[in-house]
Amino acid sequence: MTWARLCVVILSALVWGAGVADARMSATERQLAEYDCKAGDEAACAAMVANHPHYNDANMTPKTFDRLRDAAITDAKARCDAGTTEACTDYASLLQLRDGLDTPEVYALFASGCDAGDGFACALLSDLNFSLMGYSGPSYEAFYYEQAKACETGDLTACISQSRLNVLVPQVAPDRAIWFDQLRRLCDVEEAARACALLSYIQSYDGAEEYAVFDPGFPDEVENKQRYALWDAEKACELGNPVGCYNAGLAYDEGQAVMESWKRAQQYYVRACRGGFRRGCDEINHETYWRPTDSLLAMKKACAEGDFSACHYSAVKSFAPVTVNPSTDADIARMTAFRTELKDICQMGWVRGCADMATLARAGKDLAEAARYAWASCALSEGMGCLVLGNILKLDRGTPETKRQAVWYHQRGCELRTWIACNNLGDSYEHGRGVAADTGQAARYYVIACNNEVALGCRNMAQLQEARAPEEAAIYRERACALNAQYCREE
């Protein structure tokens, strides 16, 4: 990660409430809804359209999608008029989708939603700002001057929008006194979080390219600007700006003008995620500093603050030991309770929780639920989910068609570095299960699995080479034995 990933978004000095993030689907909830929508659940389709209107990944017919979109527009407009912040964001996004336009009305709604603490609105505003680069129509020029007039009356929201648009609208001459000095005053004096967040971008590498505020050829100047970028991001975060939290997280993640600290970075990402800015959630899913050996009390505290990765490790530690082959009533009860906990953690947004949920559901012979959670996690690039779904299709369902599907999911799991999936893909190639038999490809995937310490991959490679390369087979048999004692007993 680099500072080039900082988001060009703007926010006011309002602290978000828990309801902002809670009112929206997490990324995992959206994938579950997509799965249900594809299965014919229209309520799930409607929820997808209302929460993420720019996507139609469930392959709804255009007629169905348009009907659900229009219903969502009516509902969002009514809730927006009643004062629900996130509904105004949804309404603007749905208008943007329906009309195919980035209008000043949409911009104003995204900006006001971002000002009110809706991180999703901030992300949409960021995208819209970038789409305005090179804009040549007249509407935003008029909108710019409306913001300028409103700024003169003391409207801070308008002042910040004017500052941002001063660089984006080609018909307007860029003026540092507007796009930088005005923001500096708004952040330092007025404590407008949206201004601080924008300044944290302007002083980043990516912002430097757009605003030319420093010369990248002078390292000392770059470091100095990065230091200001971090201070502004942290201030924006403390003032209630989820994107400021995200930008501060990036600084600690990469050690930009501060000592690198993944723990500190994640704490900021958690705050961004809780504020509805999903890129913060994505970073937590990408990596977490929690480990099973960490303090359970510390995990529970972090979980209560919104760190769903801490919730996961806390649950793992609380329910240990858990077996996927329960033999006693106590084992079954523990696995069932753990499944319930994992379901909640998955829906919070922790992708690995969804994959673990799928694993336990399959162990409990609940294949329908296992497939649902495995598909959702695989769609979000969690290799273990791809592995579980591939195993269900290949081993539990086992028809010619599902075996063909399993090959794709095991391939995907292997690409995502879930190494046992490489072994299972090798098995499909060796025995022609869902794909044409090919011992060369089988060997390739067995070796990948074995080289990544999957004992079964080493054992399978040994058996594959037994007749044609016995010396090589012996080497792989020894490696299998070293990794798993049960293979030492095989003749």
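Select helix α16, residues 278-286, in this predicted model. Its buried residues are Arg-278, Gly-280, Cys-281, Glu-283, Ile-284 and Asn-285. Next, display the helices against which these buried residues pack: α7 (119-131), α14 (242-254), α15 (262-274), α18 (308-319) and α20 (351-363).

From this group, keep α14 in view. Of its 13 residues, 12 are buried, so the helix is largely enclosed by the rest of the structure. The buried positions include Pro-242, Val-243, Gly-244, Cys-245 and Tyr-246, and also Leu-250, Ala-251, Tyr-252 and Asp-253. A check on the length of α14 may be made in the viewer by selecting its end C-alpha atoms, which are 19 Å apart. At 1.5 Å a residue, the 13 residues should span 18 Å, and the two values agree.

At its start, select Asn-241 and Val-243: a side-chain oxygen of Asn-241 reaches to within 2.8 Å of the backbone nitrogen of Val-243. Just after the helix, select Gly-255, which takes a positive phi of about 70°.

The tour now turns to charged side chains. Side chains of opposite charge can pair when their charged atoms come close. How many salt bridges does the structure hold? There are 28 salt bridges in the structure, and several may be visited in turn.

Select Glu-34 and Lys-38 in helix α2, residues 27-38. Their side chains meet in a salt bridge at 3.4 Å, N to O. The two residues are 4 apart in the helix and therefore separated by about one helical turn. Glu-34 is buried, with a relative accessible area of 5%, whereas Lys-38 is partly exposed at 42%.

Move to Arg-69 and Asp-70, whose side chains form a salt bridge of 2.9 Å, N to O. Is Arg-69 buried or exposed? With a relative accessibility of 12%, Arg-69 counts as buried. Asp-70, at 35%, counts as partly exposed.

Select Arg-477 and Glu-466 next. The closest N and O atoms of this salt bridge are 2.0 Å apart. The pair links distant parts of the chain, 11 residues apart: Arg-477 belongs to helix α27 (residues 470-483), while Glu-466 lies in the loop between α26 (455-465) and α27. Arg-477 is partly exposed at 26% relative accessible area, and Glu-466 is partly exposed at 38%.

Note on methods
Residues numbered from 1 in each chain as written. Predicted model: local features only at pLDDT ≥ 70, side-chain atom pairs only at ≥ 80, totals over all residues. Heavy atoms only, no water. Buried < 20%, exposed > 50% of the residue type's maximum accessible area, 1.4 Å probe, protein only. Contact = heavy atoms within 4.5 Å. Expected span 1.5 Å × (residues − 1). Polar contact = N/O pair within 3.5 Å; in protein donor to acceptor, adjacent residues only side chain to side chain. Salt bridge = Lys/Arg side-chain N within 4 Å of Asp/Glu carboxyl O.
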